[in-house]
Every structure is written in structure tokens, then in C-alpha cells.
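Here are my notes for your review. Please read them with the coordinates open.

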Amino acid sequence: MKKGIRALALLVIVAVLVTGFTGCTGAKADDKASAVEQTLVVGGAKDFKNGSEPKTLIFDSLMDSLEDMSSGPRLVTEWQNNGDFTEFTLKLKEGVTFSNGEKFTAEVAKFNIEYWPVYRDCGYIKKIKNVDIVDDKTLKVNFTESYGNFIDELSKIWVTLPTAVDAKGNITDWIGTGPYVLQDYQADMSATLIRNETYWRTDKMPGITKIDYKVITDENSRVMAVKSGDVDVIGLTEHYTVLPFADVPDLQANKDLNVSVCEDYGTITTYSLNWAKGVCSDPNVRKAIALGIDRDMLTSTVLYGIPVPTSRYVLASYKFSQKDEVLKYDLTKAKAALEVSGYKDSDGDGIVEKDGQKLSLKMVVSDSQVNRSVGVFLQDALKKIGIAVDLQVLDATTTKTTLKAGDFDMSTSHPWTGTVVSYLYWRGNSSAYDDYGIGYGVNEEMNTLTEAVSVTGDDKVREAEFDKIWKIQNDSIAGVPLYFSQRIFVSQKNIEGLKFCPNTSEVDLSDVVIK
Amino acid sequence: MKTESVLKISNLNTYFQTPDGNVLAVCDVDIEIKKGEIVGLIGETGCGKSVLGESVLKVLPENAVSTGSILFQNEELMDLQQKRMREIRGRKIAVIPQNPSEALNPLIKNKKQIFEAIDHNQKQLGSDKKKQAIGLLKKMHFKEPGQVLDSYPHRLSGGMKQRVLAAMGLCGNPSLLIADEPTKGLDAIVRSQVIETLMLFKENTGTAMMLITHDLNFAVKVCDRIAVMYAGELIEMGSCSEIYNKPIHPYLMGLFMAQPENGLVPIEGTSPSLINLPQGCRFHERCEKASEKCRHFHPQMKKLTLTHEVRCWNP
Amino acid sequence: MRKFKLKTKKQHQQLIWLWWGLLALLLVLIIFAPVIFPESNTIDYARQLQKPSLQHWFGTDEFGRDLLSRVFNGMRTSLLYSLIIEAIALGIGLMVGLVSGYMGGRIDGFFSYIMNVFQAFPTTVAAIALIAVLGTSDLTLIVVLSVMGWVAYARIVRSETLIFKERDFVLGARASGANSVYILGKHICPNVLLPVLPLATLMIGHGIMAIASLSFLGFGVQPPNAEIGLMLKDSAMFINRAPWLLVGPGLVLAMVVALINALGDAIRDKLDPQQQMVEL
Amino acid sequence: MKKIIINRIVMLIPTVITIAFLAFSIMYFSPGNPAEILMHYRNPEGGTDPAALAHYEEMLGLDDPFLTQFQNWFTGIVSGDFGESFKTGNPVAEEFFYRIGYTLMLSLTGLFFSLIIGITLGFISAEFKDSWLDNLLRLTQSIKMSIPSFWLALFFIYIFSTQLRWFSAFGYNSPKDLILPGLVLGLSNSSRMVRLVRTCILEEKGSGYVYTARVKGLSENQIFFRHILKNITLPIITLTGVSLVSMIGGSLIIENIFGLPGIGTYLVSAIMAKDYPVSMGFLFAYGVIIVFINLFIDILYQFVDPRVRDCANAEI
């Protein structure tokens, strides 16, 4: 039939066009396949330059973080203080050069100590007086008052060239002394790093010669990428959990993959309670909330049994952590706490009330899969002790503005970090509303304790002070710890030596080998 | 003297299949056109006269079925494949389509559209084609044929378009011209141009002509013989003078009465639906003279004279 | 010659009744969803992420909630919002179109210009920007989509008004001294409304899709309310583990919108039989 | 011809200014103090120092009246300066030109698929009019029209990325990564194209010039390729313009799902992050792109249709 021929002719034209199109794009795709030996393909959640972790492949910090969150030598090799922590002497590593050949000198170190603390939330900026260059490898740092935490905070200073930053805390030239050199960078897409063959830490010289960093912002796609072998590892370059907990059991059962759950370091997801105003200003309500949540149930259901339920603020393995868990689930105690304050369910609708007012919380949650699931769980859980929850899932920025305005009763928040002393300066002793809700500085005593901790460098004294701090926190409940949210990385089986670092933002690839 | 017949249609039926049922557009038509003769096919819109033309050309839509016999120069068109049919169209049967303003592709230059017709007859070199095209246009009395060739159709007036279409028909060696509603929607001046065009055409080729029109006066002026159609069938056929001077069928008489010079008296009612045709005479519902017989029995064509035939119980 | 059999009119009619029956059924399920599916928010962790079964046709979500119930309750929200949005948009469009078409001149020029500018922004993009200004909530969603939706109505009302303005009955009314408001309200408006009907029907489907898209991006309906886009956003999170969660919401959404569109087409064919004549 | 084009561009100036005005007002009336937001980005843990805030307010010229601010911003735009992103500090224009390429590539891929699908299926549908094939195709189109593009995207990701692993589901590494999102975009926009091609072919087939061509003795093939194809290009061009506009709008959601670094992804994150200079600049750019696509289609139309060309020439 003529008609058939005409249809066929048109189809052929279309087919030629389609194959031509896919053909030329396909050809380009093949070019990428020619792999260099020992190339590690990393799937990252953020743009290479935006995340705080990827940069640690290019730069070195002044101090290293050790497993218990104390400090070890790195670019600073030796350090001393004058006893009352007002003057520190730092010895610098000699013979270190940046990848462009410039030398790491005392001037460079001084610049970094003075420039970065503002952008890296280091408390020492408030008390530092001056930095003196003694000689080419020695610095003397003077403080206006005692500051015992200075050395620990130096692990947050990642050393850049003084000429490589702008006035706003942005790095303009990505040239460091670290194990890798940035070769190619595509915003929001990818980055290529090659090994720094002249890396000064010869014992930490990595085996991987090239790193392909691919940005995959969607968590499901990241999981798919590692499952299909597109990338070698995911979850390594973020300090938080980057894959849905729901996928973990499935990935663990996958024979080609290695799933590593970090049980040693990490943060505890904590919800902030607005203790300064509203219904949560009543300590008994806060206590009821903290005791009324069945954390075992939470982690075993909506979190698929991966995170560990806990009611402590920081991990037990960390320095200065609290001795025991107090805020464990207890339904009767929770209900009793509400009754103490006069809340009673008189109309039988399951929600308690006082003076005719129903007890209702406004819970603000930053939009993410896990937060939404946990939010719905908490709504359901609190209903059981008689508290109605108005759940509001907002985008990240709106959440921040809402929280900063104090317009919430309960919200997602920032957990106590492992470096508890630093945290004390930032939010631990704050009583103001900020992007993450309200700080933990519930009373005057927190102030004196914070001062006491900062003045001394003596760990024994600090430990005693911290016991008091945790007592206050457990009593006043400014935040509800829920579960330990582990970092998880998933890698191909043939890759060995991947590990987590105590310094949550550090990525250490020195032992990695591709078999 | 018996002249040779160019087209002899006998027993032609054409119907369309639609979801609502079959539409009988042409029903039992017998008609003959002799060499050099102009036959007018008259009827109101929707009576099937254009479908008759299309049936002859075999360019009906897909859902149409036609049966019967169409003898063109002693060749049975009904049996011909489309491929062979295409050789007849354009070469032996020329067509002046209705509505000249839409009959030329607005996006293609006149030149190319005329060349297509020339190529269909005989493949030629570009320069020869141009020469021939200019010749054709000159025959159709175009003053500046070159300019016409190089312009797009929208630059031409309705009458000019029609002459361009006629020129295309000229390029073969047609022995029959089918002009479908050549005067539809044209004003008086252009109408006289159309007559001129048709005469020019005849002058140039000496073909027979089938003139499909609803314009009675026009037909009377031009035709040798006239056939009148109503609701898909022929109701009266005769020489021009017979039709003009002695119309017999009440419908034809009504048509004459509806002409402007006779006072524009319209025929009452509307023509029947071609899906559900009435029993008996198809005109009886509108006929003043309708008798009981007309209501129940379908009349056949009756010869009154050698040339005059009519389909009526009460002639 | 004939390669296929034409459907008879009767068969065709039966098919059409089947469609309308399906639409009616879906609408009943949607409108009475809270009564028919009261369990849409019942959490039961014992049945997390179940595959579709006889008890749960579309499966269950991560909280063990029955997805079928949630889909119909969600569609109810979408349909309700879409109806409100189209009512408001039609109201604005009708007024602007009538005034613009009837008054002509500078007023017409001004409104036509505004319409052009409005059409320069893609709906989704402009809606997101406006929602950013007004803050994310269900109310803003309705306001923003109404504000973006009136242009389509205004255009068609304007062109119809231009036609009816010249009709005898309007000219007559004007000659007899009726004022403009009376003519617009009494004579033009009812005539203009009829051609707008098919568009309005189609736009209800569009509205449902727009709401779903914005909710999917996180700018639309907020989580405590069930909504298809939002549900799909959640389902997308489980694409590796429970891909079937995507099927149900998408299926119902597509079916409802397709049937509403078919209704719009049918209304258009009824009002404009010439369109059908072309097919003959 | 040149004159007409220049004339048309000049006539667009007020439209462009209005678009700029709307884009600016939307962000101007946005809640939140831009200076506070900028300060927050520049110094994340810096707290709220009133002196610093005043400094930023002065820097952004927030004390100026509304119209002055708009004027400053607009004159900046005219000279190619769209300001700097609050978040990254990069010039907005730079960000835009880096990203617009991906959006255009995606839209054009989508357009390519939509044309291919539309013309092929529309042709088949028209050619086998009223057959089961035609009915099936028409049913498919009306269902496809009712499927939201994001659902189609998720569905395709599941089939082609998760199950078959033919394409990567996320991000852009090679032009191959545009195929899946392009296909989704093309498919969800192709329904109108299929319908249009079908009705146009059927309409043209019944038109006078096709009848002429047929009675001239041309074969159906010649009629289709020489006559019909040329005449259906006009409506196809119009719809292509409309499709391109809706694809640039629709690419926003597709880019977000497939993680392509286009202007849509960036605009959404900028709006969420309250990055005002980026939001304003990108909104304005969206409007201008669409206005210019419409202009381009108008001009293209004049090249193809001799009637319109004549009219346009007559105007001057």
C-alpha cells in the first residue's frame, strides 16, 4: 500500500534523526570510560566547594582531632601554654609547601589564625589579643583572658594562602598543602582531584592517584549510583547521614557493596523546646515530652532500625560526655508530669487541657524525608500523652526565620557536637533564638559554668564542671535528644581502607586501595 | 449523425459510510456526454452533483463507496487502479475546482504549481517548462505571465486564480473538462470572466465539458444540455432550450421561480436527509402537485422526447 | 478497500456512557472520601510499606497508612482547591475580558498589555516566586494560582465580547438607552459564559495538575493535609524500596484529569457542532 | 525585513521594563530584611550586630525609595550587571550564563522529542483515521496529557535508571544525561503536537489545493510531501513556539528531579534561600527569554508564510 510506504519513509527519517542524536551523545559518553588507574569516584551531596568536608582533601588543618576529640600535632607540631592559658607558643612544621610552590611560613599561619575563626565558629576570636611571630617556625599567641580551648579549636583552621581568600570568607584560589590538588571543577556538578605528589605527610601519602567527585544532590539517586557502580562510594564526604535509612537493610544485603555504619563518632538528633515562652515554658510539659517519646519504637519503625535510640546529648565515648541516661521513655511519669502542672483531659477527647485551654504545640520541622517521618511519629506519640501537635513542615530558610523569631514550641534543632566546649560558646550557653531554635543556656548557672570551663585547660576540672552542666540539662530539658544518627558510607566491595575520621569534617583517604 | 460519446455514466451509485448510517449522495445516475458537448449539472447544495464529479475522477474520500459503470473514451474507469487513474486525471480529464481562492497552495509559487501539472504530462527541462507555462498562461489571456509565475497565489484575484487553474488543465490534451461550481460566490463581473475562461478553454482544446453548478441562468447561457439533480438522483434532463422553455418537474419550475428575474420565490421546505430518504418521490414533501402515488411510489425517468427525460408521476 | 469497520453510533454511545459512569464513580469516591475512607490518617507501624493487596489496593506508606484512602482524601483537597481557583480566575477573567472587550480603546490596550506581560512568565516559575513572597500555605497557593489563571479566561471572554458587542440585540439595547453595566450583565455576560464553559472544565484539570506540581516541589499544600503531589514526593523517597507507592496516586490523578478533560471536550463538541462536521 | 525586526524589538522595550518591574516588586515585597539575610550569609555565626546590619543596609541601598532602588537595579541590568548572589558572592549574570546553557539544551532536547513524537504519531493517526490504531493513539494522548510530568519523570527513573540502568538518574556528566529528562519533557508536551498534526493533516487533506493537486494527477505521496507537509509547518511552528515556552517553564520541575544544573534548579534553591539578587535576575531573565522566543517565532512565521510577509512589508 502506498500509505504504508509513506509511513515507512517518515519513520525511517525519524529513526535516522533519533539514532544520529543518540549516536553523537553516546560517543561523547564513551570518552569518559577510559579510566586512569586507582581512580576513586566519590558521590557527594553538595557542590565540591560548598561542603565543609571535601575541602579537607586539599587543605591541612593546624591541629589534628583524635578519637576522643582531643588534639594531636599536624601543621602545628608542638604547643605550650603559660599555665593560666593566656599565652600559647606554637611550633610550626618546617618545609611544607603549597601545591603552587609557595612556602608555609609563620606569616601564613598567623594570617590563618586571625582570618578564619569568624567563619569556623571558633570561640577564641572573642578573647584573642595578638599573634606574634617569634621566628620562622614559632608563633606566640596572646589572650586578653584565660582561654583553655584554643589548641582544640585549631583543628578547625584549614590553612589557605593569605592571597587566596576574599573579604567574605570565601576561598578564591583552591591551593593548599593537603594530599590532593584540585584539577578541574564544575559548579554543582563535579570536581577532579589528583594526588599531591609532594605531600609533606609521607606516612599519610594516599594510594589513590585521582578522585572524581560527582555531585548527586538527591539521596535516592546517590543510592542508585552506588548500586549501579557509577560511583565507588557515597556518604564519605558529608558529616551527616546522606542516605535514607529505609535503604540501608537492602544495601547491607547487597553482596557487591560494603556498608559501614559509624558507631564511634557522630551527632544525636535533638529537638529544641521553646523554654522561654509559650506552653513549653512550663518545665513539666517539657519533661512530659522528653519522657513521653518511645525512642525504641521511633528508630525501629520510621527509621528502619538503623539509628540508635538514646536520650543523652552527646555520645558516651566523647570527652566530657554525661555519665548516664536520665530521660528514658516512661509513659506514666510523662502523664504524671502533665498532671502536676494541672493539665487534665476532662472532655475525653484524648487531649489534656488547663483553664479550658487545650494543650497544643506548634512543631516546626525543616523539610527532609527523615524529619517529616519523625515529625509525623512525634505528632502521633505526643497525642498518646494528651498533647496535640500542629506539625508545620517548612523549607530550610523559612524554618530558620521562623525559629529565629521564636515562633515555635518544638522544632528540629542543632545537636550538641562532639567538641562540646566549642559548642558551649556557640549555642550551649546561649539563651537567644537562632536558626536552630533556642540555645541551651537555661539559667545563670550555665553562664558561670561556661566561664569556668573556658578559663581552665585542666581536663579534670572541666569534667567536673560538665557533670554539673549535664545535670542542669537533664533537669530543665531545653532540648529532647532522640536518637544517634550515624554517618553511613556505602562503597564497592573492592575498595578497602575507607574510614571515618574523629574530626567530622575530615576526609582521610590515606589508606584506601582499590583491589 | 451520431457523435462519439466521451463519458457514459450508467447506474452510478455513490454513498458515504458514517457512524450515523450510509449517506446516499448519488443514486442511479445515467448520463452521457458527447464530444465537444457542454453538459450542465444543476442542483442545490448537497444534492450530490459535486460527488458525481468526484466519482468520475475517483477522488472520493475514504469512507465513500461507488458502484456502477463510468465509461470514459470506452474505458471502464471503475476497474482502473489509482495509478492508471492518475494518468487520466490531468491529462485526459481536466478539472477547474470549485472555490478558486482556496484551490491553489498558498505557500507555493504559482510557477511550481503549474510546473507540477506540466511534469505530470511530460517531464521537461526547466527552461522548456517555463516556456510552456508562459504559453499556457498567454492562452488564458494573461498579460504578464512572467509576473504571475513568480508570485504567490494570494497576489492574484479570484478570476485570475481560476484562469491559472484552467491553464493547468490545458497542459495535457483533455477531452473532458469538469468545472465544479465555477461561479460560486463570484460577483457579476467575475462571472462573465468565468464564461470567458470556459470559452477560452473550449477554443483551445475543443473538449467536452461537465459544468457542475447551482446557477441556473449561468448554465442556460453556456450549456448544450442540462441535467437537474435533486437529493442524489437526476430528475430532469434535456437540451438547453427544452429545459429553459419547457421545464416539467415541479422542482425545476420552482428553481426558475426562485431566480431573481422571476421574483425570488423560494421553494418551501428543505431537501430530505440523504440518510433517511422518504418513500415515494423524493420531492413529494415539497411538491404542490403531490398525489397519493407520489407519496408511496418512486418514479422512474421517463422519456418525453428524444432528448428530454423527467422523473415525475405527473408530467 | 475497507480496512476497518466503523463503530456504530450505538456502540459509540455506550462507550461514552462508560466514561461518564467512571467519572461519576470517581467523583463520588472523591467527594465522600472522608466518609468512605475514614482511616486515611490511621498510623499502624505493623504494616509499613506493604505491597498492594486486597486490603490495601495501592499498598501502605511508611506509617502503614492505607494509600488508597489517602489518595482519595488527597484528591478531594486538590479538586476543592482547583474549583476555588478556577472560580476566582473565571471571575477576574470575566470582568477584565468584558470590560476590555466592551470598552475597547485605551482600556482594552492596557488590559491586553497586562495579559501579554502575565503570559511572559511561565506559570510554575511565577507561582513559585509569588509563593516565596507570600509565604507557603494553602491559602497562598489558591491566591497565586488564581492570579496566574485569569489571563486565559480574559482572552476568550474579550474576543467573544467583541463579537457579541456588534450583535443586533446589543446594539438595540444600546440604542434604547440602556447603560453599559446593564448591557454587559444582562446581554453579553450570559452569552459569553457559554463558550467559556469548555475552557473552565479543562482548567479544573490543569489546576489539579498545577497544585500537584507545586506541592511536589514543596511550594504547595502543606504536609498535615493529604495531597497527591505531596504523596508522590514522599513516595519518590522510597523509589528504591517501594516503587509501587508511585503507581496509585499517579493513576488516580491521571484518570480524574483525563476524564475531566474528556468532559471539557464533550462540552465543546456540544456547543460547537461544526467541529464535528469536519470529521464527516 | 530588517526594519520590521528592529521595529518589533523596539516595541518590546516597555514589556521588558514591566517584566523587570514585576520581578523586582515580587522580591522587594518579600518578607525578611535583605541586609539581615546577606549578613547571615557573609558571616553565618556572626549574630545580629546593629552596626554591621546598618553597614549592609547602606551597601544594598535599602533606605532609598522603592523607585530609586528599582531604577538602580534596572540600570545595572541594562549595563549587564545583575548584582551578586547573596549566597555565593558570584555575579548573578555569570551564574545565569553558566546555567542557561543546560536549560536550553534540555528544552531543545525536549522539543526535539516532542516534534519527532508529535509528527510521527500525528501522521500515523491521520493516515489511519478512525482505525483502531488511531483510536488507541488518541486515547493514549489524552491520558498522557493528564499525567503530570514529574510523575512521568519518576516512572522513567524507576524503569530506565533503577531497573534497566540505561541512564543515570541524577546529575549531568555527559549529553547522554539529557536524554531521559528530555524525553519526559518531550512526551508531556507532545500530546498537543500529536493532536495538532493529526487535525492539520486531516484538514489540509480536505482543502481545496489538495483537491486541485489530486485532480491534476499527482500521487498521494507527491501531495503529502510537496503540499501538505509545507502547509502544516505553519501551525507546527506556532505550536513549537508555545511548546518551547512551556518547556522552559516546565524544565524547572524536571531539572529539579533529574538534578540538572539549569536555571530552574538554581532559581528554586535561590528562592528557598532568599537569595534576592539571584531570584530577581533569574525571574527577569525567564520573562525576557520567553518574550524573545515569541518574537523569534513571529519572525520565523514571516519567513515561511508569504502572505504574512507581504502584510508585514506593507505595514512599513
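1. Domains of chain C. This is a predicted model.

2. Domain 1 of chain C brings 6 residues to it, and domain 2 of chain C brings 9. What is the class make-up on the side of domain 1 of chain C that touches domain 2 of chain C? That side has 6 nonpolar residues, with no polar and no charged ones.

3. The crossing of α4(C) with α1(D) is right-handed.

4. Residues at that crossing. From α4(C) come N116(C), V117(C) and A120(C). From α1(D) come T15(D), T18(D), I19(D) and L22(D). By class, the contact of α4(C) with α1(D) has 4 nonpolar and 3 polar residues, and no charged ones.

5. Chain D against chain B. Here 17 residues of chain D are in contact with 24 residues of chain B. On the chain D side, α9 (208–215), α10 (220–258) and α13 (306–315) each supply at least two residues. Which of the elements gives the most to this side of chain D? α9(D) does, with 6 residues.

6. Classes on that side. The side of chain D that touches chain B divides into 5 nonpolar, 7 polar and 5 charged residues.

Methods
Residues are numbered from 1 along each chain as its sequence is written. Chains are lettered from A and ligands numbered from 1 in the order in which they are written. This is a predicted model: local features need pLDDT of at least 70, side-chain atom pairs count only at pLDDT 80 or more; totals for chains, interfaces and linings use all residues. Two residues are in contact if their C-beta atoms, placed from the backbone, lie within 7 Å. Ala, Val, Leu, Ile, Met, Phe, Trp, Tyr, Cys and Pro count as nonpolar, Asp, Glu, Lys and Arg as charged, and the others, Gly among them, as polar. A crossing is left-handed if the near helix is turned anticlockwise from the far one by less than a right angle, and right-handed if clockwise. Helices (H or I, at least four residues) and strands (E, at least two) are DSSP runs, numbered from the N terminus.
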